[in-house]
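The entry is shown first, and the notes follow by topic.

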Amino acid sequence: MARSVTLARRCFQEAPLWLQAVVPACLMLGLITSGVFELQTRLTLLPEPVHPRPTILQSLNFGVQPGRKTNLVIAVVGDTSMHPRWMANFQDANWDLAVVYSGNQTQYACPDCVHVEINKGAKWLLVYGFTQSTAWQNEYQHRYNVVYVPDDDILQTTSTINSVFNIHAQHGLLLSQPVLCSWLESHTASWDMVKGPTTVLRYTNFVEIMVPLFSMSVFNHTVIRTMSHAESGWGLDWLWPFLLGYPSEKVAIIDEVCVIHPKAQLQPPTKSSMYANGHSPGAEEFGQYARFGYDADAARDYGMPMRVAKRLGQLWQPWYEAMLQQAGLQVDSTYIPVEREVKLMVNTSLHLQHVQQSQATMLQAAPIVLRTNLVVVTGHPTWLPATINASATWDLVIIQNPSAASPCPACLLTFKSSAVGRYQQLWQLVQSDKWKELHTEQYQYVYLPDGDVYHAAEQIDRMFEVMAQYDLLLAHPSVCSDIESDSHLMDMLKRQPTNVLRYVTAVDILAPLFDMTFFQDSIVHTLQDATYGHGLQWLWPFLIGYAPRKTAVLDEVCVLHARDDLQAALRSALHLQSQQQSVALKPKPRWSSFLAPAKQSWAGSKKLPPRARYTAEALSTAPGRDFLPMRAPGGQEAQQEIDMQFKRFGYKAELYGVKHCSADLVEAVFQPWYQEMLDMGSIQVCLHGPCIQVCLRGPCIQVCLRGPCIQVCLHGACIQVCLHGACIHVCLHGFTYASMEAPPDIPASADMMEVLSCTHIHLSST
């Protein structure tokens, strides 16, 4: 029960916002059935039968000279195994491969493998049998330093495996795993196992059993003994870190590289399941816990919760860490993902240090270089590098308030404006003689970041490169993370690390990029009546008729836009001159926190909440629900600005088949390494307007956003998930289940009630 509840809660709170409607509903069917079974298992746990060591039917040591490689991949493979694809560039591998073949053929050969066995059985029992062999005892355990034991259906390349071994060794890890590239095509029990956009790795107390890496000492002295009874491997992912004593910064999830674990629907139809023989993974899991003394009290002795994944720290990407320091931010992400207890701290000394560095840069003389791009920023940009990069492809123009103006010899132009609102200041600039003197025809692109948007300065060059490479007219960099950053289009802007870019129907007004000709001919006119830019995010793509592949979010690069509460805390700390004082802040509330007051008011009542509560006005107050029709930030004045702009330019998105004020994904350009892995598994991931389609050789899963509803279809059979107020309605075809409380045959824990109390499941033809 605890495992099911934990997974349901984690999916509900950690998934992308539109998926928060789908995940709990789709998990509910499995939650109800598996919850009963697991609870019964815990109450009536029987002694686990002892599994004898598998008998090796055939063992072949080809004697391949490994060139003194110190990394070993052990794979239990079947007839549909993907391991031959791992070896596509095996001449460049820094690892050897040992194979235990468990398919249906009587003969099996792998000339490039250092070891081959032919045997039948479950993965972990076969790996255990291999470690009891003479070859392992006399040779392999002494030759290799790191062991990697992936499932045979994992999609990964030779270079991916090389990188995993390198990072594991570089950071002195004892136990680790690569993350999954995306939730779209991969199966995982935890959303935390999906590639993080801002981290090299994350230290944790949990490593999944599908792709673990071990140092040889850990593998020999700790892991091998846990495999003797592991038919499914359930529970090992919690057990291994526990048996190691949760060592500090030695157990990690590696975000630098990722793999694909295809969902069941994307597996070859001939792939067999180890659970087909009626094996009970739940009984095995709790048997393992009893065998090795893992329980809540034992975990608590180490300060850990039992069977709850917890992040214990991270190693940031260098460019992201630089942006945090520019913004004066520190992130303490030692948190339980279910509760998202991440702390953000404002450190004014960090901020002031980078302000001083950028001021020193601005006071330097600008080098005379022919540049083809222009950056126009309002305020004082603290993201300038400590020294001017002579190879930069962009010139800098700063718009400053006359009362706060400071010299900037490194800038091409310093323009003073006392107008209210950033876009009114831009309007004054482009109407001035100084703008004409810039000879803007020499520039190919122009970038207009807000003054509180932070960059790694070298990434600005990369933005312009991607603009030119894909011939874009309008674009916006992605936002690195939703932990410390904010945007009214966060669902669309949050960085997707598997993409180069995504073609979309809207861009934010935070940091837009334009083709200079398009800017001069069309965008300048929209600035005349713009104060803060409300409505321009939808108007700009409309002005080019939603031209295919001309408007995009750039996932190749990302920016940081500190949340309002962080910026307010920083201003307050600076005002008080508390340079060394850190202000701890809790994360911005997510959608789940909006449910809390409603659930509290429904407590003790078995009746459904009144439909009158499901109003658009109530929904508009929910934090983070960007896909819902909401009033623009800024209240009535902002709405008036939007209405005026739409009327002036005749905004009617419906003429082009686009929803009014929508921010839809149209198409994605994947990173080459991700596309290579998709091709390896013959998987297609397609975006069709509001729909995402994932296909394998014909069979397709289609996920469509239709107003407040999400529809998931496979071969005509559809599940429709609709969000009405604080409740989720799931409609299938057949029978009906609707409840605000736990089903009568399942003792309702507080955790389960938290999920069920905000979920209505209607399985009916209606």
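A disulfide is a pair of cysteine sulfur atoms within 2.5 Å. The model described here is predicted. A search of the whole structure gives three disulfides, and the structure also holds 16 salt bridges. Its largest nonpolar core has 99 residues.

**Disulfides**

- Cys480 and Cys558 are joined by a disulfide, with 2.1 Å from S to S. Their link is right-handed, with 90° about the S-S bond. This pair links distant parts of the chain, 78 residues apart: Cys480 is in the loop between strand 18 (474-479) and helix 16 (490-493), and Cys558 is in strand 21 (residues 551-561).
- Cys480 has a relative accessible area of 0% and is therefore buried. Cys558 is likewise buried, at 0% relative accessibility.
- The sulfur atoms of Cys181 and Cys258 are 2.1 Å apart and form a disulfide. The torsion about this S-S bond is about 90°, so the disulfide of Cys181 and Cys258 is right-handed. The pair links distant parts of the chain, with Cys181 in the loop between strand 6 (175-180) and strand 7 (199-204) and Cys258 in strand 9 (residues 251-259), 77 residues apart.
- Both Cys181 and Cys258 are buried.
- Cys110 and Cys113 form a disulfide with their sulfur atoms 1.9 Å apart. The link of Cys110 and Cys113 is right-handed, with 65° about the S-S bond, and both cysteines are buried.
- Cys661 has a relative accessible area of 26%, so it is partly exposed.

- Ala135, Trp136, Tyr140 and Gln141 are buried in helix 5 (residues 134-143). They lie on the same side of helix 5, because they cover an arc of only 125° around the axis.
- Thr134, Asn138 and His142 are exposed on the other side of helix 5.
- The elements packed against by the buried residues of helix 5 are strand 2 (71-77), strand 4 (115-118), helix 4 (123-131), strand 5 (146-148) and helix 7 (216-226).
- Leaving aside residues up to four places away in sequence, the contacts of Trp136 include Leu72, Ile74, Phe130, Val147, Met216, Phe219 and Ile224.

**Nonpolar cores**

- Within the largest nonpolar core, the residues with the most contacts are Ile74, Trp95, Trp136 and Phe219. Strand 9 supplies the largest share of this core, seven residues.
- A second, separate core has 40 residues, including Val446, Phe518, Leu527 and Ala530.

**A buried loop position**

- Ala309 is placed in the loop between helix 10 (296-300) and strand 10 (311-316). Its relative accessible area is 4%, so Ala309 is buried.
- Ala309 and Phe206 are 103 residues apart in sequence, and their C-alpha atoms are 5.7 Å apart in space.

**Salt bridges**

- Asp96 and Lys69 form a salt bridge in which the closest N and O atoms are 4.0 Å apart. Asp96 lies in strand 3 (residues 96-101) and Lys69 in the loop between strand 1 (58-60) and strand 2, so the pair ties together parts that are 27 residues apart in sequence.
- Asp96 is buried, with a relative accessible area of 4%. Lys69 is also buried, with a relative accessible area of 19%, where the cut-off for buried is under 20%.
- Arg648 forms a salt bridge with Asp529, and the closest N and O atoms are 3.0 Å apart. This pair links distant parts of the chain, 119 residues apart, with Arg648 in helix 22 (residues 635-649) and Asp529 in the loop between helix 17 (516-526) and helix 18 (536-543).
- Arg648 is partly exposed, with a relative accessible area of 37%, and Asp529 is partly exposed, with 27%.
- Arg549 and Glu667 meet through their side chains in a salt bridge of 2.7 Å, N to O. Because Arg549 lies in the loop between helix 18 and strand 21 and Glu667 in strand 23 (residues 665-670), the pair ties together parts that are 118 residues apart in sequence.
- Arg549 counts as partly exposed at 49% relative accessibility, and Glu667 counts as partly exposed at 26%.

Technical notes
Residues are numbered from 1 along each chain as its sequence is written. This is a predicted model: local features need pLDDT of at least 70, side-chain atom pairs count only at pLDDT 80 or more; totals for chains, interfaces and linings use all residues. Side-chain values use heavy atoms; hydrogens and water are left out. Buried means under 20% relative accessible area, exposed over 50%, partly exposed in between (1.4 Å probe, protein chains only). Helices (H or I, at least four residues) and strands (E, at least two) are DSSP runs, numbered from the N terminus. The arc is that of the directions from the helix axis to the C-beta atoms. Contact means heavy atoms within 4.5 Å. A nonpolar core is a set of buried Ala, Val, Leu, Ile, Met, Phe, Trp, Tyr and Cys residues joined through side-chain atoms within 4.5 Å.
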